[in-house]
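I opened the model and kept notes on what I looked up. The entries follow in order.

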Amino acid sequence: MVQITLPDGSQKQFPRPVTVAEVAADIGPGLAKATLAGEVDGRLVDTSYAIADDARLRIITGRDEEGLDLIRHSTAHLMAQAVKRLFPETQVTIGPVIENGFYYDFARDEPFRPEDLEAIEAEMAKIVAEDHPVSREVMERDEAVEFFRDMGEEYKARIIADIPADETLSLYRQGDFIDLCRGPHIPSTGKLGAFKLTKLAGAYWRGDSNNEMLQRIYGTAWADKKDLKAYLQRLEEAEKRDHRRLGKQLELFRFQDDAPGAVFWHPRGWTLFRQLIDYMRQRQDEAGYVEVNTPDVMDRSLWETSGHWQNYHEHMFTTQTEDQRVFALKPMNCPGSVSIYKQGLKSYRDLPVRMAEFGKVHRYEPSGALHGLMRVRHFTQDDAHIYCTEEQMEEECRKVIELNLSVYRDFGFDDVRLKFADRPENRIGDDATWDKLESALKGAIDAMGLDYTYNPGEGAFYGPKIEFVLRDTIGRDWQCGTLQVDLNLPERFDATYRTADGGERRPVMLHRALFGSLERFTGILIEHYAGNFPLWLAPVQLVVMNITDAQADYAQAVCHELRQRGFRTESDLRNEKIGYKIRARTLEKIPYLLIVGDREMEQGTVAVRLRDGTDLGSMPLDVLGQRLAREVAQRRAIGDN
RNA sequence: GCCCACGUAGCUCAGGCGGUAGAGCACUCCCUUGGUAAGGGAGAGGUCACUGGUUCGAGUCCAGUCGUGGGCACCA
């Protein structure tokens, strides 16, 4: 007698061992059809798995998270089968599930062409229609190595060879295709169908750039066509808010072939950029920072002192002058900062020194890494270096974290995750010092009652760090801020301060950034807001437009007055119908459109329309001014967005 | 840096089997002075990324370079 307990607590008895499929069929034919796998006592198994003893069983369908993963995993196998049919000389390697889909890496001399994807998809559909049952077989490791080697699947053999000898391996067979796999899998290829192959890519064998490159095919797969369609639509939506597209459309910035990885900021983009700096400056002033500015180009010897010349050389832009002196463009602001700290004697009474710099740094990033504003070679950091005593460190860390989170909130990033990275294998400084630094950083997070994830061994060689990850409105994560403790530079530059008893000590040096790269943060904001910037950030806040030439002077006077009041205002006096101007300015995503006709001119008012189409009616400038001031002050938009 | 794709007017894109370029929007001018998402007409605008090759002749074929996009690797 086998007793099966289902998730709802109900129980079923069977006279002899029973498979997951049989239990499902016993419950109902609809469920039997939808069943993809089972979870027996917490372990995922195939539907053909025979349950011999009393157990708890959960039936897995496409509606479960595990079921969706199964579908994706099995679709990867399906694709591999199709590829082997069409291109028999191809070797299969690995094909894991990833977010929203899967990929499979293949080894073959000829790379796949984009048009191959269609043929593969068609072949996949055929295999689905053939509805091959998927069956599991077991093999000893050495036997399996032999088996795949005989088939000419060298990569599979290599994968298996790395598996411990005593482990039994499972293979899954579907029609003419067999693959090494831990499983479980869906019961037959007919269960699949809602998939699409999305992209081709090269990928290094075992993720190592020293190895040969394989051909990777990415795909997405879902429980049904409806979900697939919804996913493809989400992709389209995301594309619409792509900062590169909006950057052009809204005339914010531009890239040019002569300056790869460098931004040409157009007036509107630069206005946005300036808002960020102005805002940050204000927040830093309030938080007790001083601001400095250090040279962009400094002699090689300084970079030797800092260690960058030895450790970071391949990422640095260098330049040589007529007199043969070698200079480097700064890839980081810290050496300049320490240089300023070192000027004159510092007393413990001077600490903490919080020294901010909006420094533009230059890093020679690999060409393949460049990506719009998100990864550039020349960018501005909202950098700061805090010099303090060990005793002050935890408090300073706490203040940095507080400031960061408060700043992020002003941009509507309420969901911020912290990642804590501690000592790596390769590091400087003794363990006692690392203990102190790590506990200070962690102590600051704990004192604030914040959650964080832990990245063991991921700290910098010179100190532990905290990373701040923002989640935007469409659920994507962006690592922006960092807080790092630095043991290295104070030592290398011999930075000190005078203690109360007349001795000398080394200050602790904290590096911190909130936005990280202002270029990148601007890009994130563009996508986060989909170009609909809240009033305080909008490059152009208002456009005044006349209905006919008769109100041109009045419109200009209104525009002038609003500028006097500090609002970024433009006028549109073109000889066009009002509908045309409204459409044009709405597409530019201007938050406020002010329309003036004879009525408004006579009454001394403006008709106000928001970019989402809301008509606020006519009002005097004073009333509008108050509304605008309130909206700017609270930073989040009223009404739309 | 590596793999694949792409690079035509300011923007978005057309240009079957090679015969020195086209549309829409934007721009300029003219008509129109019109109350909440495109009024009409005319005009101007391109060394088809760059370099070299094949050819009587090359956006169109080939090679290289640069750049962009999607991945991989990288992001101390």
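Which domains does the domain assignment of chain A give? I find domain 1 (2–60), domain 2 (65–239), domain 3 (265–293 + 331–529) and domain 4 (542–636), with bounds from an automatic or database domain assignment. I read 67 Å between the C-alpha centres of domain 1 and domain 4.

Ground rules. I note that this is a predicted model, where local features need pLDDT of at least 70, side-chain atom pairs count only at pLDDT 80 or more, and totals for chains, interfaces and linings use all residues. Residues are numbered from 1 along each chain as its sequence is written, chains are lettered from A and ligands numbered from 1 in the order in which they are written, and side-chain values use heavy atoms, with hydrogens and water left out.

Aromatic pairs. I searched the whole structure and got 26 (Phe, Tyr and Trp rings, the six-membered one for Trp, with centres within 6.5 Å; planes under 30 degrees apart are stacked, over 60 edge-to-face, the rest tilted). One of them, Tyr155 with Trp205, is edge-to-face at 4.8 Å centre to centre and 75° between the planes. Tyr155 is in helix α6 (residues 154–161) and Trp205 in the loop between β14 (194–204) and β15 (213–222), so the pair ties together parts 50 residues apart in sequence. Helices (H or I, at least four residues) and strands (E, at least two) are DSSP runs, numbered from the N terminus. Tyr155 and Trp205 are both buried (under 20% relative accessible area; exposed is over 50%, partly exposed in between; 1.4 Å probe, protein chains only).

I also logged a cluster of Tyr279, Phe411, Phe413, Phe515, Phe521 and Trp536, linked by ring pairs.
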